[in-house]
Amino acid sequence: MLVTTGNRRSQIAVLEGRELIEHYVANHADESIVGNIYVGRVENVLPGMEAAFLDIGEARNAVLYVGEVGYEEDLEGPAPRIETLLKSGQAVVAQVTKDPMGSKGARLTTEVSLAGRYLVLVPNSDSLGISRRLGDAERRRLRDIANRLRPEGHGMIVRTAAMGASEEDLERDVARLTRIWNEVSDRIEGSKPPKLIYSEPPLAIRVVRDLFTSDVEEVVVDSEESYHQIKDYLEEVAPEFGDRVQLYTDPMGLFDRYQITEQVRKAIDRKVWLQSGGHIVIDRTEAMTVIDVNTGRYVGRSTLEDTVLHANLEAAEEIAKQLRLRDIGGIIVIDFIDMGYERNRDELLRTFERALLRDKTRTQVYGVSELGLVQMTRKKVSEGLLEAFSDKCEVCEGRGVVLTELG
């Protein structure tokens with residue numbers, strides 16, 4: 001894991017060997033607000049949209065949909081409408097779940113939570129969840145521990161990172177998150193909206209918190225400030241990993257040393273070449289991302305069906321990798337090359353779903369449509385890699401073409 005801090009942005013690269021597999025970026029002038037907790041003021045309630053818009057002190061009002069408003073459930077009656085839950089001028093404690101994007105404001109929820117290294121604390125809840133990525137035996141072990149440690153009046157979600165963690169590790173995390181929530185609760189009392197109550201830590205700490213497991217051999221940091229922040233955080237939550245953090249002092253840039261900049265540049269390209277000679281083309285629209293698979297220069301060695309299957313399987317692995325690397329979210333439609341045999345289509349879906357298991361962001365594959373398209377979704381929280389390193393063209397307004405005279 002490489003952490004670099006520049007004048008305009010901070011970046012984190014996750015490598016397997018020398019290959020870039022994940023990239024995170026935070027522009028200093030426009031940092032993510034996901035996870036921040038605000039006391040917001042309801043500006044207007046729109047029954048026709050089942051949503052309310054809240055002033056949280058940001059440039060644009062944030063949106064809170066009725067499904068994200070916590071309330072006392074009445075099992076005998078229908079779910080309440082937004083206008084019965086919120087009124088204009090009302091103060092509401094809410095947490096950001098999705099950054100502002102384009103002309104849309106941030107998304108909110110009133111069911112706040114605090115993420116730690118091994119678990120997530122859900123205040124004022126009685127829920128208890130265990131990551132489904134863990135095996136059955138580990139889930140049972142962690143559930144027993146969580147039942148003993150869960151603070152009264154609060155819920156918990158045990159994260160995948162808790163695999164193999166001791167009860168003392170989880171107890172330390174519970175104590176830390178409970179202390180933070182008590183501080184947040186004190187700030188909420190008497191606060192006048194709009195007001196920021198709690199901010200998520202800097203990008204480097206968030207990524208270390210979420211990704212730094214025993215699989216990570218080393219974290220190399222080129223900023224003394226970030227280096228000490230990471231060391232201090234690990235000293236508190238996982239001191240056994242502290243010696244894996246190294247300060248980079250070479251005059252040559254950290255990303256230049258590991259050829260990261262070149263790999264990021266390739267990750268912004270529309271076309272991605274496959275090892276066999278085939279390629280995939282990634283096009284973004286406002287509503288979805290469309291990915292096309294082509295055999296390109298690959299002609300195979302035996303039958304057409306075998307050639308197409310090989311190209312599709314190779315593309316499936318690469319597409320799963322590109323979704324992670326580019327942080328592409330929302331609706332994704334993939335046009336794999338048509339195959340004649342159902343068994344080959346089934347093998348393709350299995351390969352693709354297996355490749356997606358390495359992605360920590362939630363994905364859902366909906367199978368093959370009648371037109372032979374694979375439809376899927378990937379949770380979208382912030383803008384992706386392309387948006388982080390590009391600006392909309394003032395000439396074509398982002399259409400991606402050179403406009404000529406129409407007369």
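User: Helices (H or I, at least four residues) and strands (E, at least two) are DSSP runs, numbered from the N terminus. Between which two such elements does the loop holding Lys380 lie?

Analyst: This is a predicted model in which local features need pLDDT of at least 70 and side-chain atom pairs count only at pLDDT 80 or more, while totals for chains, interfaces and linings use all residues. Residues are numbered from 1 along each chain as its sequence is written, and side-chain values use heavy atoms, with hydrogens and water left out. On the C-alpha atoms, Lys380 is 9.9 Å from Thr363, although 17 residues separate the two in sequence. The loop that holds Lys380 runs between strand 21 (374-378) and helix 10 (385-388).

User: Is Lys380 buried, partly exposed or exposed?

Analyst: Lys380 touches Lys98, Met101, Arg284, Gly329 and Gly330, setting aside residues up to four places away in sequence; a contact means heavy atoms within 4.5 Å. Burial is judged by relative accessible area: buried is under 20%, exposed is over 50%, and partly exposed is in between (1.4 Å probe, protein chains only). Since its relative accessible area is 22%, Lys380 is partly exposed.

User: Which residues does Asn312 contact beyond its neighbours within four places in sequence?

Analyst: Asn312 belongs to helix 8 (residues 304-326). Its relative accessibility is 0%, and therefore Asn312 counts as buried. Beyond those sequence neighbours, the contacts of Asn312 are Val293, Phe336, Ile337, Met339 and Leu348.

User: How many disulfides are there?

Analyst: A disulfide is a pair of cysteine sulfur atoms within 2.5 Å. For Cys393 the closest cysteine sulfur, in Cys396, is 3.7 Å away, so it is too far for a bond. Cys396 is likewise in no disulfide, its nearest cysteine sulfur being that of Cys393. By this rule, the number of disulfides is zero.

User: At what angle do helix 3 and helix 5 pack?

Analyst: Helix 3 (residues 167-188) and helix 5 (residues 224-237) have axes 9 Å apart. Arg172, Asp173, Arg176 and Arg179 of helix 3 make the contact with Tyr233, Glu236 and Val237 of helix 5. The axes are lines fitted to C-alpha atoms, for helices over the stretch in contact, and angles run from 0 to 180 degrees between N-to-C directions. Helix 3 and helix 5 pack at an angle of about 115 degrees.

User: What does Tyr227 touch, apart from residues up to four places away in sequence?

Analyst: Tyr227 is part of helix 5 and counts as buried because its relative accessibility is 17%. Its C-alpha atom lies 38 Å from that of Met288, which is 61 residues away along the chain. With those sequence neighbours set aside, Tyr227 touches Val221, Val245, Gln246 and Leu247.

User: How far apart in space are Glu138 and Val66, C-alpha to C-alpha?

Analyst: Glu138 lies in helix 2 (residues 136-149), and its relative accessibility of 17% is why Glu138 counts as buried. Not counting residues up to four places away in sequence, Glu138 touches Ala162, Met163 and Gly164. Val66 stands 72 residues from Glu138 in sequence, and the separation of their C-alpha atoms is 36 Å.

User: What is omega for the peptide bond from Pro193 to Pro194, and is that bond cis or trans?

Analyst: Most peptide bonds are trans. Pro194 sits in the loop between helix 3 and strand 13 (195-198). For the bond from Pro193 to Pro194, the geometry is cis, with omega near -5 degrees.

User: What is the phi of Asn124?

Analyst: Most residues other than glycine have a negative phi. Asn124 is placed in the loop between strand 10 (119-123) and strand 11 (128-130), and it is exposed because its relative accessible area is 63%. Although Asn124 is not a glycine, its phi is positive, at about 55 degrees.

User: What is the phi of Glu50?

Analyst: Glu50 is found in the loop between strand 4 (37-46) and strand 5 (51-55). It is not a glycine, yet its phi is positive, at about 50 degrees.
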